[in-house]
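Please find below a short note for a reader who is new to this entry. The points follow the display.

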Amino acid sequence: MPSSKLDVGSEPMSERTEPSDDQMAAQFERIIRRVKSSMNYRGSYSTRDILGSLVARWLQSGEWERLKLLPPADRHIGESVRRFVLDRLEQLRRRGAHEELPEDLLVVPDEGTLIELIDAAELRSWIEARIGDLERGVVDPRVRIPVTNAAQIGHALRLHVSGQTQRQVATALGISLGAANKRIFEGTNYLVVLQGIESGLGGST
Amino acid sequence: MTDAFIRDVLARISARPPTEWNKRLEQEFPTDPAMRMQALLWLHSQKEGPEAEGAPPSLGDAADERYELSVRLDSGATASVWQAFDRRLGRNVAIKVFHERGESEALDQVLAEARAASDVISEHVVRVLDVQYGDGHPYMVMELVGEYDADKGEVALGATAAALSPRDLDEVARWVMHVARGVQEAHLRNVFHRDLKPKNVLITPNSRRARVADFGLAVSGASADAAHPAITLMKRGPMGPVSVRGTPEYMAPEQARGLPLTLDARATEDRAVLVAVDVWGLGAIAYELVTGKPPWLARRSDDLSAWEVAASTERPAPLDRSRDGERVSPRLKRIIEKAMAIDPKARYATAAALANELQAFLARRPTTLDRSRLLRIGLWCRRNPQLALTVLVAIGLTGLAAGTHSTVTQLRAQRDELDREVAVQKAEETRLSRRVKRSRVELDETRTKLAAERLNLTALEKSLADERGSYATLIEAKERALKDANAATRQIMHQLEASRRERKAAEDARANLEKVAADARREGEKAAKDRDRSRREREASRAERDAAQRERDAAIAEREATEKQLTELKAELERLASARAQGS
């Protein structure tokens with residue numbers, strides 16, 4: 001589960017020193033911002049988004065799962081991503097009539113930035129999977145905040161993350177704007193709570 | 001703990017200030033820290049950020065006092081747009097609220113966008129009125145695109161071109177022309193949009209005029225990418241380090257492959273690159289408004305994202321049919337295709353050139369691409385229908401006069417021709433009457449021959465009838481013989497079948513006998529084997545008996561020997577006893 005950016009770790013809260021209110025608030029804010037910004041549809045892309053999408057593809061290739069088994073010093077994430085992106089660009093270059101795509105060196109960002117991109121891609125894919133669960137009516141049993149009509153919430157979230165406005169979601173589902181807002185709102189809160197649990201917050205009694 | 005109880009607790013606590021939440025939760029769930037943690041997360045998530053459709057985000061104390069945010073109009077990755085009321089000036093405005101607060105990158109973006117957009121004054125560009133960032137979310141105040149509706153007594157809001165369907169292709173051309181005029185104004189101020197798409201075009205509700213908005217990715221003389229470099233994706237490519245910005249579905253191919261980081265919006269060569277990107281964007285807007293689809297779409301079959309399709313220099317799907325299935329006017333198609341030429345140099349050199357072309361299209365005047373003389377005449381006629389009609393009548397009258405003279409001459413020539421044909425026909429008639437007479441004589445001769453032939457034929461038919469009678473008798477006799485032969489054959493077949501059945505029964509009986517014989521043979525063999533086995537058992541028991549006899553004989557012999565020894569021993573003892581008695 002994507003929690004590499006979070007310094008909370010995966011130990012249960014009872015086994016650690018209780019963080020201060022400020023630390024707790026900062027952790028909450030980080031989790032909430034990460035989840036909500038991942039759910040926002042990116043209409044306009046920057047280079048970072050493009051690279052993010054390539055990193056997401058790299059992630060899907062299974063390379064990251066392989067590297068995670070290695071000691072951190074032996075992972076060489078930058079080189080792996082660079083090779084993968086170069087291969088992908090090479091494939092694209094062969095598709096077109098033009099030969100203008102770069103063949104030379106590819107500079108990828110430093111490892112810290114790459115970890116951020118990997119983290120974001122993992123989170124996005126985690127969110128997609130959890131929305132899929134909701135669509136099938138599956139609620140994670142660890143979440144104790146009640147979620148009613150999981151499938152309806154899942155459908156609303158699916159449209160929301162694909163870039164539709166609340167009004168469009170309401171029209172597509174044939175419900176009122178208020179009902180659409182409520183479903184998106186409840187679904188987002190559920191994902192935040194579940195992500196908190198994945199990060200080691202509130203997962204045990 | 002029921003769901004209703006948890007909901008009730010959360011509802012009550014969320015109404016309290018956040019500083020009290022922890023304490024209240026400890027009271028409600030004193031022995032359940034995990035539940036407290038989940039509830040806290042839920043409460044914070046509920047209050048945090050403008051993404052949730054709860055209360056509008058805070059712009060800071062002063063701004064919150066001035067602007068009353070009411071309806072969220074749109075939301076994206078970096079910001080959301082709200083309708084708001086400016087209490088100080090008593091007017092409606094649109095406010096773009098950025099999600100990030102207090103981060104330099106976000107503030108830079110707000111400022112860059114505001115500067116770029118505010119520098120452009122055009123009736124086709126949404127005006128930026130103010131920009132602020134303080135203790136709340138950074139925000140930008142913009143003109144609200146709407147029109148007063150006198151019937152309803154309220155302001156009707158505009159909508160994005162993406163959310164509307166144009167009434168016809170003329171409306172598409174008109175909207176894109178408006179946007180092109182606005183973009184041209186921006187270019188004159190060295191501002192290049194780079195993210196033109198239907199979603200960034202707002203249409204007024206009544207007059208249906210288009211205005212371009214969202215200069216979030218604009219590059220201007222004051223803010224080039226190099227000032228805030230994006231991640232360098234490629235190095236030492238054909239153009240050096242590049243950055244990719246825009247919306248993948250609408251990107252120009254060269255934009256998708258990356259534009260140099262060092263583009264200077266004031267340098268002539270770099271301006272041409274940026275103008276070409278925006279001209280493509282204008283074409284892309286027209287393309288989607290006509291077809292209902294953006295030029296580039298992700299392809300699941302090839303596992304390609306929209307950006308990758310754009311970067312691979314494929315061509316967008318042909319622009320043949322509109323979203324309603326109608327044939328697209330070839331004139332408009334040519335204009336859009338030129339705006340979206342893969343080679344940037346083949347596109348319109350300026351946004352104004354494209355706007356002028358669209359204006360010509362709408363006014364039914366020839367564009368620079370309408371080279372056909374017939375098309376130009378047709379367009380002129382459509383533009384000047386009365387004049388065209390007058391010219392047509394004048395041409396008609398002149399033609400009529402010229403036509404009459406020509407007709408008389410032609411009629412005379414035709415009459416002479418007819419006279420010549422009559423003379424030829426008469427000569428032919430004479431020749432034919434002679435041939436008819438000759439044919440009649442030949443016909444009489446033929447009739448005589450035919451009568452003689454008919455007599456011969458009658459005699460022949462009579463003899464044939466006689467022969468037919470004798471042949472019929474013969475055939476009847478042959479048929480009877482054949483019938484008898486068939487009956488005999490059937491009888492033989494029956495006999496054969498019976499003998500086949502008998503043979504089969506005999507074979508079955510023989511097989512049964514063989515089986516019985518085999519069984520008897522097997523029984524005999526088995527009895528012989530049993531006999532052998534009992535004989536072997538008898539021999540074995542006999543051997544055992546002999547051995548026992550031998551053992552018994554041996555035992556008897558041994559006992560006799562022992563008795564003999566005992567007898568000797570007794571004798572010896574007696575002898576010894578007598579000797580002892582003599583001794584004593």
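1. Over all chains, a search of the whole structure finds four aromatic pairs. Rings of Phe, Tyr and Trp (its six-membered ring) pair if their centres lie within 6.5 Å; planes under 30 degrees apart count as stacked, over 60 as edge-to-face and the rest as tilted. One of the pairs is A:Trp58 with A:Trp64, which is tilted because the centres are 6.0 Å apart and the planes stand at 40°. Both A:Trp58 and A:Trp64 are buried (under 20% relative accessible area, with exposed over 50% and partly exposed in between; 1.4 Å probe, protein chains only).

2. The model is predicted: local features need pLDDT of at least 70, side-chain atom pairs count only at pLDDT 80 or more, and totals for chains, interfaces and linings use all residues. Residues are numbered from 1 along each chain as its sequence is written, chains are lettered from A and ligands numbered from 1 in the order in which they are written, and side-chain values use heavy atoms, without hydrogens and water.

3. B:Asp170 makes a side-chain polar contact with the side chain of B:Arg364, at 3.0 Å. A polar contact is a pair of N or O atoms within 3.5 Å; within protein, one must be able to donate a hydrogen and the other to accept it, and residues adjacent in sequence count only if both atoms are side-chain atoms.

4. B:Lys338 lies over the face of B:Tyr348, 5.1 Å from the ring centre (NZ of Lys or CZ of Arg within 6 Å of the ring centre and within 35 degrees of the ring normal).

5. Of the 584 residues of chain B, 36% count as buried.
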